[in-house]
Amino acid sequence: MAGGSRAAQVAATREAILGAAERLFAEHGVAAVSNRQISEAAGQGNNTAVGYHFGSKTDLVAAIMRRHMGHIERLRVERLDALGPDPDLRDWVECTILPTTDYLATFGGTTWFARFAAQVLTDPTLRDVVEAEVLRAPSLRRVTKGLHRHLDLPPTVRDERDDLARQLMIITPALRESALANHTPTPRPTWPEAGQGLVDAIVGLYQAKITTNHHPN
């Protein structure tokens with residue numbers, strides 16, 4: 001019993017640290033938040049608790065990502081399993097976007113994950129770590145292959161639009177999450193509707209006409 005109680009205590013401490021760190025990182029940025037602040041926000045009297053349980057700040061950020069990505073992965077797999085025999089571009093974009101917005105819709109109150117992801121992905125020292133956590137998901141690799149099969153674009157243009165789409169996927173939910181936290185109006189009333197609006201925008205981005213610049217001789 002003692003061992004079980006100790007394990008439960010450790011799990012509760014880790015969860016409290018993850019929750020506090022996610023909120024503080026979302027609100028202030030990763031670089032601006034110290035381990036001491038996280039420990040205090042998590043109700044830990046020992047200021048070394050973050051390092052003891054997670055190691056470096058990079059390890060803590062990766063742990064926060066893993067805390068959410070498993071749920072998002074399951075939702076994406078469900079969408080993939082429900083695809084018809086001939087999915088189109090919109091189907092693949094929906095499989096990219098909607099698992100995250102559907103996941104955010106499962107929370108009853110304030111969320112911080114979208115803002116946390118936006119903060120982390122603007123930090124050049126952490127971006128690669130987070131992208132590795134996200135891109136290792138087997139379902140996302142399958143979605144990317146399916147999406148690219150429907151794009152009749154030169155490789156450089158496709159890569160450019162992939163990058164623009166990723167920015168929209170990250171920044172748009174973060175802005176909506178911030179607006180909800182501050183009780184300010186949002187263009188669409190629910191996360192599922194916001195997800196569909198984002199899908200509309202990204203489908204349009206991929207299908208937009210390519211402008212060729214002509215330089216005078």
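A pocket is, on a 1 Å grid over the protein atoms alone, an open set of points where a 1.4 Å probe fits, with protein on both sides within 12 Å along at least five of seven lines; lining residues have an atom within 4 Å of a point. A volume is the space filled by probe spheres set on the points, which are joined across faces, edges and corners. The model is predicted: local features need pLDDT of at least 70, side-chain atom pairs count only at pLDDT 80 or more, and totals for chains, interfaces and linings use all residues. Residues are numbered from 1 along each chain as its sequence is written, and side-chain values use heavy atoms, without hydrogens and water.

**View 1. The largest pocket, with a volume of about 870 Å³.** Its lining has 35 residues; V134, L140, R166, M169 and I170 lie nearest the centre. Two or more lining residues come from each of α4 (57-81), α5 (89-105), α6 (113-121), α7 (127-135), α8 (138-149), α9 (155-181) and α10 (191-207). Helices are DSSP runs (H or I, at least four residues), numbered from the N terminus.

**View 2. Make-up of the lining of the largest pocket.** The lining has 22 nonpolar, 7 polar and 6 charged residues. Here Ala, Val, Leu, Ile, Met, Phe, Trp, Tyr, Cys and Pro count as nonpolar, Asp, Glu, Lys and Arg as charged, and the others, Gly among them, as polar. The most is given by α9, with 9 residues.

**View 3. The second largest pocket, with a volume of about 180 Å³.** Of its 13 lining residues, T172, R176, P187, R188 and A194 lie nearest the centre. Both α9 and α10 supply at least two residues of this lining, and α10 has the largest share, 5 residues. By class, the lining divides into 6 nonpolar, 5 polar and 2 charged residues.
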